[in-house]
Amino acid sequence: MQHYAWNWGILVTQPYVFWILSGLLWTMLVALAGWVLALALGSILGVARTVPNRVVRALAAAYVEYFRNVPLLVQIFLWYFVLPELLPEGAGRWLKRDLPNAEFWTAVLSLGTYTACRVGETLRAGIESISRGQTSAGLSSGLTMAQVYGYILLPVAYRVTVPALTSEFINIFKNSALALTIGVLELTSRTRQIAEFTYNAIELFTCATVIYALISLVVTYAMRIAESRARLPGMIASQPTDA
Amino acid sequence: MRIDIPFIVDHLPLLWQGMKVTLLLTLLGIVLGIALGALLAIARLSGIRPLTVAAAAYVDLFRLLPLLLIIFWVYFLLPLWLGRPIGGFYSALVSFVLYEAAYFSEIIRSGILGIRRGQINAGLASGLSYAGTMRHIVLPQALRNMLPVLLVQCINLFKSTSLVYVVGVNDFLMAADVIGTKDNRLIEMYGFVALVYFTACFLASLAVNRLQRRYAL
């Protein structure tokens, strides 16, 4: 340890400072685009897991079991290396050669579909926590099943699951580091690359650690405000004691 | 495109070599991770302020970071500290233990906190010492409460070991990767890896669910 050449200035030296910033940008892009997909797909899954139709429920359950039980890294490799081979030749070639930023889109697809299964299970729990009377009341007042989901069940489910959804949102930032295995130059990948060039691993990994910590803290803080706004009147969580 | 099943069968012995590394990493990670996690939980519940703060800081910090970043930290830092290379396997193992301990400690802590205070009072009132109350009354119930969550975390650890790929450890995924790349059979190899992980984790999850229904308090 005594031979370590400390150099904190490395973090603000060109071109490394730009490499770190571009890494941060890719981490944000992968995580945010993945989250959009996860929330959309997860909402569909959450609904599909609770509808009366058994076939739809079984299909959604199969989706969740696959994505929950295969390691995310293996899922990424399946999307990246195996999917183009399984598609018709033209589509496969387009994915492998012509699609710009193929690694980025693969990472978004992998993280989005994986996180969707977790978002879906969270929303399912949220929907199941709503008493059946609400559905009956909706149906008997003339709403269709789709309207019951759209106007009653989903809005309530989102609001009661804000804390769980927040931790999934933070997880997608952490999981986005796996994108480096298929060559996305995101934050972890960039700092490791600079560490290998300069041997200043401690400074660079400290920098990455601080950035990931800041992302989590900012998200947690922002969601705490959102949660207090979204809080449902009359629930235990909305007692004035923890305001 | 044709799936070459005999190719997979021919390479089963090599894949098993990789699987043994995966299983060893999982097992050591679980045992050492739970040991460190239990220490952290005890520190956090001790009521001794510096210990509580230190344990809470540890848990919060490790839960903020991607596991991959922790693996890189250990992989670069530990050899620097020890003055000699330690290789991918030990780097990965140390990372898993440090990372999973944070999660295990939260599971153990909430298991203990889930026991009603009246149980401790009852134990003390019936003449047991504090340690005796903990050992005979609180911990058996806490263990029963936390067991399903603890087991789910063990399944997660089993899946996470595939990340040793980034430091070149010859685990199950890496073995499949090497074979598949050499003979241009990545589809068969990655497909097989996914199937094995899926089957193992799916069955383990089913078992945990059954256990949870039978032993829930």
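Residues are numbered from 1 along each chain as its sequence is written, chains are lettered from A and ligands numbered from 1 in the order in which they are written. Because the model is predicted, local features need pLDDT of at least 70, side-chain atom pairs count only at pLDDT 80 or more, and totals for chains, interfaces and linings use all residues, while side-chain values use heavy atoms, with hydrogens and water left out.

Let's start with chain A. It has ten helices and zero strands; here helices (H or I, at least four residues) and strands (E, at least two) are DSSP runs, numbered from the N terminus. The C-alpha atoms of chain A fill a box of roughly 75 × 60 × 25 Å along the principal axes. Of the 243 residues in chain A, 47% are buried. For that word, buried means under 20% relative accessible area, exposed over 50%, and partly exposed in between, with a 1.4 Å probe and protein chains only.

Two spots in the backbone of chain A deserve a look. Q14(A) and P15(A) are joined by a cis peptide bond, with omega at about 0°, and P15(A) sits in the segment before α1 (16-48). Further along, N101(A) is in the loop between α4 (89-98) and α5 (102-128). Its phi is near 55°, a positive value in a residue other than glycine. N101(A) counts as partly exposed because its relative accessibility is 43%.

Now, how do α8(A) and α10(A) pack? Helix α8 (residues 162-175) and helix α10 (residues 201-230) of chain A meet at an angle of about 160°, with their axes 10 Å apart. So α8(A) is roughly antiparallel to α10(A). Axes are lines fitted to C-alpha atoms, for helices over the stretch in contact, and angles run from 0 to 180 degrees between N-to-C directions; under 35 degrees counts as roughly parallel, over 145 as roughly antiparallel, 65 to 115 as roughly perpendicular and the rest as oblique.

Over to chain B. This one has nine helices and zero strands, and its C-alpha atoms fill a box of roughly 70 × 45 × 25 Å along the principal axes. Buried residues make up 46% of its 217 residues. K182(B) belongs to helix α8 (residues 172-182) and is exposed, at 60% relative accessible area. In the loop between α8 and α9 (186-215) we find N184(B), with a positive phi near 55°. N184(B) is exposed too, at 65%.

Last stop: the second largest pocket, with a volume of about 590 Å³. On a 1 Å grid over the protein atoms alone, a pocket is an open set of points with protein on both sides within 12 Å along at least five of seven lines, and lining residues have an atom within 4 Å of a point. Grid points are joined across faces, edges and corners, and the volume is the space filled by probe spheres set on the points.

Which residues lie nearest its centre? They are L45(B), I108(B), I112(B), M134(B) and L139(B), out of 22 lining residues. Helix α7(B) gives the most to the lining, with ten residues. From L139(B), the C-alpha of K182(B) is 52 Å away, 43 residues apart along the chain.

Note on methods: On a 1 Å grid over the protein atoms alone, a cavity is a set of points where a 1.4 Å probe fits but cannot get out, and a pocket is an open set with protein on both sides within 12 Å along at least five of seven lines; lining residues have an atom within 4 Å of a point.
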